[in-house]
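Here's a quick tour for anyone opening this structure for the first time. Have a look at the fold, then read on.

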Amino acid sequence: MNKLFLFLFFLGCMANAQHQDKVDFIRGTVSIDPSPEEKKINGFVKYEFEVLKDVDSVFLDAKNMSFENIILDDESVKSSASDNMLTIFNKFKAGSTHKLEIEYYAQPKQTVYFSGWNDSIRGNEQIWTQGQGKYTSHWLPSFDDMEEKVEFDLTISTKNDFVVVANGEYVYTSTTRNSEIDEWHFDMLEPMSSYLLAFVVGNYDKQELKSKSGIPIENYYYPKDSLKAEPTFRHTKRIFDFLEEEIGFPYPWQNYKQIPVHDFLYAGMENTTATIFSDGYVIDSTAFVDKNYVNVNAHELAHQWFGNLVTEKDGNHHWLHEGFATYYAQLAEKEIFGEDHYYWKLFNSLKQLEDGVARGEGQALTDPKASSLIFYEKGAWVLYMLRKQVGDTAFQKGIQSYLDKYKFKNVTIPDFLREMESASGQNLAGFRQDWLDNTSIPLEVAKKQLRQDCKSLEALFSMEKELQEAQSDDIDYEKYWNATNSEYFRKHLLENYEGSFLFDGLKKAFQSNSILVRQAMLNGAPSSDFLPKEYLLSLINEDSYLTIEMALFQLWQGYPEDRAKYLDATKDIVGLPNKNVRLLWLTLAMLSENYNSPQTKAYFEELSSYTNPEYGFEIRQGAFFYLKEAFGLNDESLTSLVKATEHHAWQFKKFARDLLKELLKDSDYKTRLEKLSKQLNSEESRYLKTQLNKE
């Protein structure tokens, strides 16, 4: 009997999947009450929908949820829930409209992240979401299919001392439960795919701007980072105004917000009106030259048109999201940093694509399993070359027509190409074959275009041709150095040809007013040599944390007689958000004989403390590296490492697991880890125990 029921239920779900297009969900009113200590979501949603054709059930995607009440048109209704889906049974007639109310709770294992609630540090608590491309159904009964677009309004409950940011326009805050809980209400005016739903809870202040067209822009930051707000969000208004003008289609939503969060999975995510991004991009002015938010800022904003306003039908058309956002972000950088920056970025991505093809890793843009390099960088190249083929006027006309025709709808690659053909009067079948369907890339055509557009790249290609014809590296590099003032060309020359460029290239680089060129001087120097001491001493005062880090290490290694002097000069520098200078400084201070010996224990404790979860995973990863290479891990760091093997960010989890496996090869570490496995709970020690069981 149970097997028969499950079989019939499965058939019902299959039927639902086939006939869900006969129902149009129009509006969703959502209330979320998170319980962060339990990592639980208590929720309520009311959907309004219209039946397009007769059906006997409707369904919503709902991952591992429990349902308290399900009400259809003010009455109880028959329903069934699996691990992945909620199905509502009823005789729904074509043309009828309905209201569906669902009260539920969920304990999501992904998509909603609770950070800082179980430690002793107050002020670091956050809740944030990451739903791309079909994961919102882990915290809200919704629609994994991107083709179901709904106007969502959100209400998020939290304790009084927290700020909430979510999709749409903030309406008001109401206070409940003995004045201890605030309910933050947000209103969306237009429909969107549910993977773009998002909210953030945390401690924030904000910077308020307004675009030239009158759109409110809110940039959030931690209260302690008030002095970092300007450099972090530098050029935001300029980027916004530029994209509206360049795209030629008004920003399609009510407002725009940007919110940094701790240990975000990616650089940023373009949730409708509310970009969430990694707080690793929250920087001071010195860090701006080394790691700024400009590209991510522009990329996620461009997605508000390309991805959010017009949304791919499915993964076969993913280029329409990422290639477009990458292309328009590059144009924004061109506006801010200049043409040379733009064309050298295209050149560097072309080299990556060329290397991928050489390794047999070339892929078509129409392949839904293509890599990020293809969707992002090859995608941007396609738009660059398409614009060259059809011309600026036709290109912009086609973009505007495409956005207007498919706004708040779903699109395919043929949809876009038809608009470009109509705007240009050209048949683009050949272009599609060469650039989209081709697993390779028309390399010579691309280089020819770069040569025409960029004088410094023309100089590079001429130099490479001379090198090839000479069949040696005995050419006049100085001639090419003097042929252009491009800092990108000179950087490339130092990093790739410095071994043959020792005439007085180092002196020229040192005298340059370009930080990029001076960094290239540090990167390009042969490992067996050290730059002159006077060069390096001046570079530890550079307005660049990467330069300071490299110069300090070269001074410490190459000129050991004055190590105390170098360390004293840099002792108060923290560096980039990943604390690059501080982590190196602590390591070198401990390795320097007789340097401030009474503080050695404190230095080690500080370095070890940076492995703890209260710090971003980039800081933790750096601390683990230095400890492992120079000193070893104490019990505190070893515990942090074991816990990190279950971290939500895949790149850090992989690093932690690889390091743990390496440590287990050492008998002393293995004994300590065996003891530790008995002290931690099953969730924290799960991966460690699987590795110990393999021994």
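Below are some notes on sheets, a surface patch and aromatic rings.

This is a predicted model, so local features need pLDDT of at least 70 and side-chain atom pairs count only at pLDDT 80 or more, while totals for chains, interfaces and linings use all residues. Residues are numbered from 1 along each chain as its sequence is written, and side-chain values use heavy atoms, with hydrogens and water left out.

- Strands here are DSSP runs (E, at least two residues), numbered from the N terminus, and two of them pair if DSSP finds at least two bridges between them.
- Four bridges hold β9 and β10 (residues 126–129) in an antiparallel pair, and Tyr113 faces Trp128 in β10.

**The three-stranded sheet**

- Another open sheet runs β3-β7-β6, again with antiparallel pairing.
- β3 (55–61) and β6 (78–81) each have a single partner strand, so one side of each lacks a neighbour in the sheet.
- Neighbouring strands in this sheet are turned by 25° against each other on average, ignoring direction.
- β3 and β7 (residues 85–92) run antiparallel and are joined by six bridges; Val55 has Phe92 in β7 as its bridge partner.

**Aromatic rings**

- There are 50 aromatic pairs in the structure. Rings of Phe, Tyr and Trp (its six-membered ring) pair if their centres lie within 6.5 Å; planes under 30 degrees apart are stacked, over 60 edge-to-face, and the rest tilted.
- Tyr204 and Tyr220 have ring centres 6.2 Å apart and planes at 85°, so that pair is edge-to-face.
- Tyr204 is in the loop between β16 (199–202) and β17 (205–210), while Tyr220 is in β18 (residues 216–221), so the pair ties together parts 16 residues apart in sequence.
- How buried is Tyr204? Its relative accessibility is 6%, so Tyr204 counts as buried (buried means under 20% relative accessible area, exposed over 50%, partly exposed in between, with a 1.4 Å probe and protein chains only).
- Tyr251 and Tyr256 also form an edge-to-face pair, 6.2 Å centre to centre with 70° between the planes.
- Ring pairs link a cluster that includes Phe306, Trp319 and Phe416.

- Tyr172 belongs to strand β13 (residues 169–176) and is partly exposed, at 42% relative accessible area.

Definitions and conventions:
Axes fitted to C-alpha atoms, helices over the stretch in contact; angles between N-to-C directions.
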